[in-house]
Amino acid sequence: MPEERLAEDLLARLRAAASPQEYLDEEVTLDRTLSAYLHELLDEKGMKVAEVIRASGVQPPTVTYDIFKGKCLHPGRDKTIMIAFGMGCTFEETQRILRLAGASELWPKVRRDAIIAWCIDHGMTREECDDTLWDLGEKTLLGTGPLR
């Protein structure tokens, strides 16, 4: 997978350009779909979709297959995060998956997001993250949670 430039660097180049076309001529923009990126990650991690389904817990399994086939363009934030956990994604990879899925990125100022981000950063599984969310009184990725 090619190294991507930081958004801050690209924004500086965009602002310095005399016109939008000048920036676009640099060919630094990406035309990547969620499905394409997930397949890049599968190849990079040496995984199969069936492994991701088992590890993610997304139900029904056909939803995950549809996401990987590009039939489901906006799977929802929690399903997207579950797939990232199922693939053992880093925090940066998870943020990119969320962006490509049209979902908001994890934001450390939001309590639940901070917990999820911490779990990702510490290499936890989706089940371990759900246990941590539950223990801290937050809704799990599977959609259950203790009453406050």
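## Some words to start with

Helices (H or I, at least four residues) and strands (E, at least two) are DSSP runs, numbered from the N terminus.

This is a predicted model, in which local features need pLDDT of at least 70 and side-chain atom pairs count only at pLDDT 80 or more, while totals for chains, interfaces and linings use all residues. Residues are numbered from 1 along each chain as its sequence is written, and side-chain values use heavy atoms, with hydrogens and water left out.

## The whole chain

Let's begin with the overall picture. The protein chain has nine helices and zero strands, so its pattern along the sequence reads α-α-α-α-α-α-α-α-α. Of its 148 residues, 39% count as buried; buried means under 20% relative accessible area, exposed over 50%, and partly exposed in between (1.4 Å probe, protein chains only).

Contact means heavy atoms within 4.5 Å. Among the contacts in the chain with a separation of 6 or more, 54% come from residues 24 or more positions apart.

## How α6 meets α8

From α6, the contact uses R77, D78, I81 and F85, and from α8 it uses R112, D113, I116, C119 and I120.

## Helix α7 and its cover

Helix α7 spans residues 91-100 and includes E92. E92 is exposed, with a relative accessible area of 53%, whereas E93, T94, Q95, R96, I97 and L98 are the buried residues of this helix. What covers them includes α3 (34-45), α6 (77-86) and α8 (111-121). Just after α7, G102 takes a positive phi of about 75 degrees.

## The cysteines

A search of the whole structure finds zero disulfides (pairs of cysteine sulfur atoms within 2.5 Å). For C119, the nearest cysteine sulfur is that of C129, 3.8 Å away. C119 is buried at 0% relative accessibility, and C89 is also buried, at 8%.
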